[in-house]
Amino acid sequence: MFYFLSKAFDFLLMPLSLLFMILLFSLYKLPASGYKRWLAVALLLLYAFSNNFIVNQAFLRWEYPPKNIRDLPGTYDTGILLTGGIIHITRLDTDHPAAGNSADRLLQTFLLYKAGKIRKILISGTDNKRRRELDLADGQQSRALLIAWGVPAGDIYLEEESRNTRENALLSAGLLKDRAMENDKLLLITSAFHLRRAAGCFEKAGLQVDVFPCDFYGGRFSYTAKRLLAPDGQALGNFTLLWHELVGYAIYTLMGYC
C-alpha cells in the first residue's frame with residue numbers, strides 16, 4: 001500500500017502539478033484581482049524552478065560532496081549498487097543496452113572494483129516483469145556489462161525484487177544475511193542527490209555502510225548572463241528530480257524508514 005500511495009503523492013506534489021493546481025484554483029475560485037496575484041506567484045515559482053543558478057545551488061546544498069577513489073580507506077568487502085535508470089532500453093528486441101540517466105552509478109562501481117576498492121558487487125533494484133523475463137532489466141543488463149568488462153560473474157550478486165529505496169535496503173540486508181555477509185565492510189553507491197535517503201534506509205535495515213556518491217547534478221562553474229537570468233527547460237527537469245527526492249526523503253523520515 002505504501003508503494004502505491006507514495007507514487008500517487010509523488011505525482012500530486014511535483015512542481016508542475018503544484019503550479020497547475022495553483023492556476024486552476026485561482027482561475028475558478030478567485031475574483032480577477034486574486035487571480036492576478038496567484039498568477040504572479042505561479043510565474044515566480046516557475047522562474048525559480050527553471051533558473052540554472054537557483055537549481056544548481058539547491059543541488060550543491062543537498063548532494064553529498066564528491067570523493068576520490070584513491071582516498072577511500074582500505075578495501076570494502078561489498079559495493080552495493082542501486083539501480084534506477086542505469087540502462088536505457090529502446091525496444092524489447094534490442095541486442096545491446098544503452099546508457100540511462102543514472103549510468104554513472106555503474107561506471108563508478110566498475111572503477112571502484114578495478115581499483116581494488118571493492119571485492120564483490122551487489123546490484124539491487126527491480127524492473128518491469130516483461131524486461132526481467134527477457135533479461136533486459138536494469139540489474140540484469142548492469143551485471144552483463146560488468147561481466148563483459150572483465151568482472152568475474154562470481155563476484156556479482158543480483159537482488160531484483162526491490163521497488164523502492166526502502167526495499168533496496170531490506171532485501172539487500174536479507175541477501176547479505178543469507179550469505180553471512182551482513183557484517184561485511186560495505187560501500188553504498190548511488191547518485192549524490194539520493195544518498196541521504198539511501199544511507200538512512202540501509203542503516204535502519206541494520207547495515208553499516210560507507211557511501212560513494214556519483215551522478216552529480218550540482219557543480220562549480222562559471223555563469224553566463226543567460227544561465228543566470230534565463231529560464232531553462234533542463235533546469236526545470238533537474239529541479240523536478242531534486243524535488244522528487246526531497247519529498248521522498250520527507251515521507252520516508254515521517255514513516256521512520258530513514
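**Salt bridges, a nonpolar patch and a pocket**

Arg 131 pairs with Asp 127 in a salt bridge, with 3.9 Å between the closest N and O atoms; the term stands for a side-chain nitrogen of Lys or Arg within 4 Å of a carboxyl oxygen of Asp or Glu. The model is a predicted one, in which local features need pLDDT of at least 70 and side-chain atom pairs count only at pLDDT 80 or more, while totals for chains, interfaces and linings use all residues. Residues are numbered from 1 along each chain as its sequence is written, and side-chain values use heavy atoms, with hydrogens and water left out.

The two partners of this first pair fall into separate accessibility classes. Asp 127 is buried, at a relative accessible area of 18%, whereas Arg 131 is partly exposed at 22%. Here buried means under 20% relative accessible area and exposed over 50%, with partly exposed in between (1.4 Å probe, protein chains only).

For orientation, the protein has 11 helices and 7 strands, taken as DSSP runs (helices H or I, at least four residues; strands E, at least two) and numbered from the N terminus. Along the principal axes, the C-alpha atoms fill a box of roughly 65 × 45 × 40 Å. Of the 258 residues, 42% are buried.

Searching the whole structure gives 7 salt bridges. One of them joins the side chains of Asp 77 and Arg 119, with an N to O distance of 3.0 Å. Because Asp 77 lies in strand β1 (residues 76-82) and Arg 119 in strand β4 (residues 118-124), this pair ties together parts that are 42 residues apart in sequence. Both partners are partly exposed: Asp 77 has a relative accessible area of 24%, and Arg 119 has one of 46%.

Another salt bridge links the side chains of Arg 130 and Glu 133 at 3.5 Å, N to O. These residues sit 3 residues apart in helix α6 (residues 129-133), so about one helical turn separates them. Arg 130 is partly exposed at 44% relative accessible area, as is Glu 133 at 47%.

Just beyond this pair in the numbering comes a backbone feature. Most residues other than glycine have a negative phi. Asp 135 is placed in the loop between α6 and α7 (138-148) and is partly exposed, with a relative accessible area of 47%. Asp 215 is a further non-glycine residue with a positive phi, here of about 55 degrees. The loop between β7 (209-214) and α10 holds Asp 215, and at 8% relative accessibility this residue counts as buried.

On the surface, a nonpolar patch is made up of Tyr 47, Phe 53, Ile 54, Leu 228 and Leu 229, which together have about 430 Å² of accessible area. Patches consist of residues with over 30% relative accessible area and no salt bridge, like charges being joined within 9 Å and nonpolar side chains (Val, Leu, Ile, Met, Phe, Trp, Tyr) within 5 Å; the areas come from the Shrake-Rupley method with a 1.4 Å probe, with only the protein chains shown counting as cover for residues. Helices α4 (52-62) and α10 (225-229) each supply at least two residues of the patch. Tyr 47 is found in helix α3 (residues 32-49) and is partly exposed at 31% relative accessibility.

Helix α4 also takes part in the second largest pocket, where α4 gives the most to the lining, with 4 residues. A pocket is an open set of points on a 1 Å grid over the protein atoms alone, where a 1.4 Å probe fits, with protein on both sides within 12 Å along at least five of seven lines; lining residues have an atom within 4 Å of a point. The space in this pocket comes to about 160 Å³, as filled by probe spheres set on grid points joined across faces, edges and corners. Its lining residues are Asn 52, Val 55, Asn 56, Phe 59, Tyr 217, Phe 221, Arg 227, Asp 232, Gln 234, Ala 235 and Asn 238. The elements giving two or more residues to this lining are α4 and α11 (233-255).

Finally, Ser 162 occupies the loop between β5 (156-159) and α8 (165-178). Ser 162 is buried, with a relative accessible area of 2%.
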